[in-house]
Amino acid sequence: MALETTLENLIEKLQRRDLKLTVDDAQIIDFAKAKARTCGEISARIKDPATALQAIAKLLARYGFSLPDGDTDKGRIERTKNDRWWRRLLRKEQKQVLDNVARDYGLVSKQKGIYVSDWGLKLHLEQLTRNHSLLEEMIAVNDQCQEYTLAELASLSVSNPYVRRSELIVRASGFETIARQLDHDGVFLTLTTPSKYHPVKATGQPNPKYNGSTPKEAQQYLTGIWARIRAQLDREDIRIYGFRITEPHHDGTPHWHLLLFVEPSEKNRLVEIMRGYALLEDGDEPGADEFRFDAVDIDYERGSATGYIVKYICKNIDGDFKEDGNDAEDWHGNLTKNVAPRVRAWASIHGIRQFQQIGGPPVTVWRELRRLEHSDDETVEAARVTADKSDWAGFITAMYGPCAKRADHPIKTAKWLEFDQDTGEYLDCPVNQYGEPSKGKLFGLYARGRYWITRALRWEVKRPQRTKELTSTSNDSWLERVKRLTQVREVTQAEIDALPDDTAYAWEKLNCENFPPPWSSVNNCTTGHLSEYTAIQTL
């Protein structure tokens, strides 16, 4: 009975009515098309958008999904009529459910598949392959007739692991530099979840306290604790800045590392507040004081603050990091470059943000300033020079300090919807693909009542035309096309002689005179007849 109950629970997780989450991607695509078509039929049958949305909500609820976000009811309905929206939803759910089931059964641990299940890693790598193929196929063309593949453009952005890692290290180093200039103290903190969020123990054995939570739910717990910490810090007017890094335990349960800078007089209070909220839930369980929260003061005489988190940054991006001249290892003895793909797969599957800047100016302004060649405004030019030199500390100073509020920053990003001033015609679509008002696109910077354009070129992304096969016969009748597709090639005598002796053809050749097949006579057992039979079997 216990086994039957376990199997029923497993089936309930992996199958929801006619949706089976164990199928391959082709079947996921077919299911997405079918449900998008069903939503379209509901929308066409029910004219009132609010009523149609309720009917679609019931359809989604059958499979454990909720309605998509949107500004209008019509926009939300249009999303459900799009098979690509369904495809993204189903793929995401499939990866999460399969990985969560593997965690529940102890298949994610340092003894089995560390950080993420092998099946989850496989699905993630398949998704990366599809994405890369699409980027290689799509062409971006600007108004100067320059053409690049999206893969080429992506390699120049933070999508490139090398660029992303370098930028994060530059920003972390800049925070440390500005902290030293302001005589602020640094502290390295670790925040983890209660033991009930872990499916297995460190030994790989099942954890009897496990509450069945997923990595996403554990991340939500940590995010909730952090929100309460930030609220208390705001009430006490304690200003902090730095970085937060999320990484998985060996069983896929997330934990946080934070590098924060604060006024020396407020450091002890910061640690006290964080410890109090970290141990608020199950704080009396064995090992809570030792493992649930940790704080280490940064001693600049012994080493840099950036050195504390460089390993965590590299480990969670591409694992390219050296320690004492050797390739770095994680806490479990694995080379970081070998397990980095598993960490990235874990974050992607469960929608976990790995890196988050705390305080400081927005990085988008920094990136746009690096596009700008020159500015005649003193404030903008000062910030542009620091950004161009990769001087994050100087950029912070130009933006009025690490603790300045977003509204007080002198430079902000600017978005617009471009239109022809002569005709009034929109050059950018004023609505998105779901019929909702567009928020505009980023085109430059705004400061002191003026705009600076950093994106002067207009780009169009398109798929190159493929050469269609059988173009010259496109006007043929359907019967002639079927004949071409079903015609059987005549097999040569050399191919027949090359067949091994244990094939069906060789057996028939030796035995047809004594044991003719039921559909043939002895007279039909000729080389030509058998050649055609073999060709049909091959087809």
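Me: Which helix holds leucine 270?
Reply: Leucine 270 is in helix H10, residues 267–278. Helices here are DSSP runs of H or I with at least four residues, strands are runs of E with at least two, and both are numbered from the N terminus.

Me: Before we go on, what am I looking at, and how is it numbered?
Reply: It's a predicted model, so local features need pLDDT of at least 70 and side-chain atom pairs count only at pLDDT 80 or more, while totals for chains, interfaces and linings use all residues. Residues are numbered from 1 along each chain as its sequence is written, and side-chain values use heavy atoms, with hydrogens and water left out.

Me: Thanks! Is leucine 270 buried or exposed?
Reply: Leucine 270 counts as buried, because its relative accessibility is 0%. Buried means under 20% relative accessible area, exposed means over 50%, and partly exposed is in between, with a 1.4 Å probe and protein chains only.

Me: What does leucine 270 touch?
Reply: Leaving out residues up to four places away in sequence, leucine 270 touches Val187, Leu233, Ile240, Leu260 and Val262. A contact means heavy atoms within 4.5 Å. There's also a C-alpha separation of 9.0 Å between leucine 270 and isoleucine 229, which are 41 residues apart along the chain.

Me: How do H9 and H10 cross?
Reply: The axes of helix H9 (residues 215–235) and H10 come within 10 Å and cross at roughly 145°. The axes are lines fitted to C-alpha atoms, for helices over the stretch in contact, and angles run from 0 to 180 degrees between N-to-C directions. Among the residues making the contact are Trp226, Ile229 and Leu233 of H9 and Leu270, Ile273 and Met274 of H10.

Me: OK, S5 then. Why is S5 described as largely enclosed?
Reply: Six of the seven residues of strand S5 (residues 185–191) are buried, so S5 is largely enclosed by the rest of the structure.

Me: Which strands does S5 pair with?
Reply: S5 pairs antiparallel with strand S7 (residues 254–262) over seven bridges, and five bridges join S5 to strand S8 (residues 293–297), also antiparallel. Two strands pair if DSSP finds at least two bridges between them. Valine 187 has leucine 260 in S7 as its bridge partner, while phenylalanine 188 stands opposite valine 296 in S8.

Me: What's the strand order of that sheet?
Reply: The order is S8-S5-S7-S6-S11, an open sheet of five strands with antiparallel pairing. S8 and strand S11 (355–358) are at the edges with a single partner strand each, so one side of each is left without a neighbour in the sheet. The twist averages 15° from one strand to the next.

Me: Which helices lie against the sheet?
Reply: Helix H8 (residues 161–181) packs on the sheet, touching S6, S7 and S11, and its direction makes about 140° with that of S6. H9 lies across S5, S6, S7 and S11, running at about 25° to S7.

Me: Switching topic: how do H2 and H3 pack?
Reply: Helix H2 (residues 25–45) and helix H3 (residues 49–62) have axes 9 Å apart and pack at about 155°. H2 and H3 are therefore roughly antiparallel, a label for angles over 145 degrees; under 35 is roughly parallel, 65 to 115 roughly perpendicular and the rest oblique. Thr38, Cys39, Ile42 and Ser43 in H2 meet Ala52, Ala55, Ile56 and Leu59 in H3.

Me: Last one: how many helices and strands are there in the protein chain?
Reply: The protein chain has 20 helices and 15 strands. Of its 539 residues, 41% count as buried.
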